[in-house]
Amino acid sequence: MWVLRRDGADWWSIPAIWPATQFYYVSSALPAVVGRPFLAALIAVPAPLMTPIIVIALAIRIRIERHDPAAWDNLVSRLRASITRSDPRRGSP
């Protein structure tokens with residue numbers, strides 16, 4: 001939560017710290033997921049500990065971007081390249 005303090009930690013606080021409460025408490029994080037439809041879909045899933053996992057992943061992303069801004073883009077491009085190479089629908093190289 002400290003890493004996300006400038007990036008919406010106040011919105012993530014209730015669903016991330018108390019993830020076993022009522023499922024509709026996650027709606028308090030909706031302002032934090034504006035413009036991020038994938039995250040909105042993930043927090044809509046009533047899976048235990050989904051919100052803390054998302055918060056941890058966001059914190060890791062922010063730490064990587066602050067340490068080396070190009071590192072996140074390199075990581076994403078390598079992941080995309082590995083997915084396209086291993087996708088059987090695209091054919092094997």
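**Confidence**

pLDDT is the predictor's confidence in each residue, on a scale from 0 to 100. I started there, as this is a predicted model. The protein averages a pLDDT of 76. I noted that 85% of the residues score at least 70. By element, I found the lowest confidence in α1, with a mean of 74. The highest is in α2, at 84.

**Overall layout**

I listed the secondary structure next. There are 4 helices and 0 strands. Along the sequence I read the pattern α-α-α-α. The protein has 93 residues, and 24% of them count as buried. I looked up the accessible surface too: about 6900 Å². Carbon and sulfur atoms account for 64% of that surface. Then I checked contacts between residues at least 6 apart in sequence; 40% of these join residues at least 24 apart.

**The core**

Which residues touch the most other members of the largest nonpolar core? I found L4, W12, I43, I54 and L58, out of 16 residues in that core. Two or more residues come from each of α1, α2 (37–44) and α3. The most come from α3, which gives 5 residues.

Setting aside neighbours within four places in sequence, I see I54 in contact with W12, L39, L42 and I43. W12 and I43 are also on the list of residues that touch the most other core members.

**T51**

I moved to T51, which sits in helix α3 (residues 50–67). Is T51 buried or exposed? I call T51 buried, because its relative accessible area is 5% and the cut-off for buried is under 20%. I then asked what covers the list of its contacts beyond four places in sequence. T51 is in contact with W12, P15, A16, V26 and I43. Two of these names, W12 and I43, I had already written down for I54.

**Surface patch and I14**

I turned to the outside. M1, I14, I17, W18, Y24 and Y25 form a nonpolar patch on the surface. Together they have about 590 Å² of accessible area. I14 belongs to helix α1 (residues 9–17). I read a relative accessible area of 35% for I14, so I logged the residue as partly exposed. Partly exposed runs between the buried limit of 20% and the exposed limit of 50%.

**L30**

L30 lies in the loop between α1 and α2. Its relative accessible area is 46%, so I logged L30 as partly exposed. I also looked at how L30 sits against W11. The two are 19 residues apart along the chain, and their C-alpha atoms are separated by 7.6 Å.

**D7**

My last stop was D7, in the segment before α1. D7 has a relative accessible area of 37%, and therefore I put it down as partly exposed. Which residues does D7 touch, not counting those up to four places away in sequence? I found I62 and R66. I also checked D7 against A32. They are 25 residues apart in sequence, and 8.0 Å apart in space from C-alpha to C-alpha.

How values were computed. Residues numbered from 1 in each chain as written. Predicted model: local features only at pLDDT ≥ 70, side-chain atom pairs only at ≥ 80, totals over all residues. Heavy atoms only, no water. Patch = residues over 30% accessible without salt bridge, like charges linked within 9 Å, V, L, I, M, F, W, Y side chains within 5 Å. Areas by Shrake-Rupley, 256 points an atom, 1.4 Å probe, with all protein chains shown as cover. Salt bridge = Lys/Arg side-chain N within 4 Å of Asp/Glu carboxyl O. Buried < 20%, exposed > 50% of the residue type's maximum accessible area, 1.4 Å probe, protein only. Contact = heavy atoms within 4.5 Å. Core = buried A, V, L, I, M, F, W, Y, C linked by side-chain atoms within 4.5 Å.
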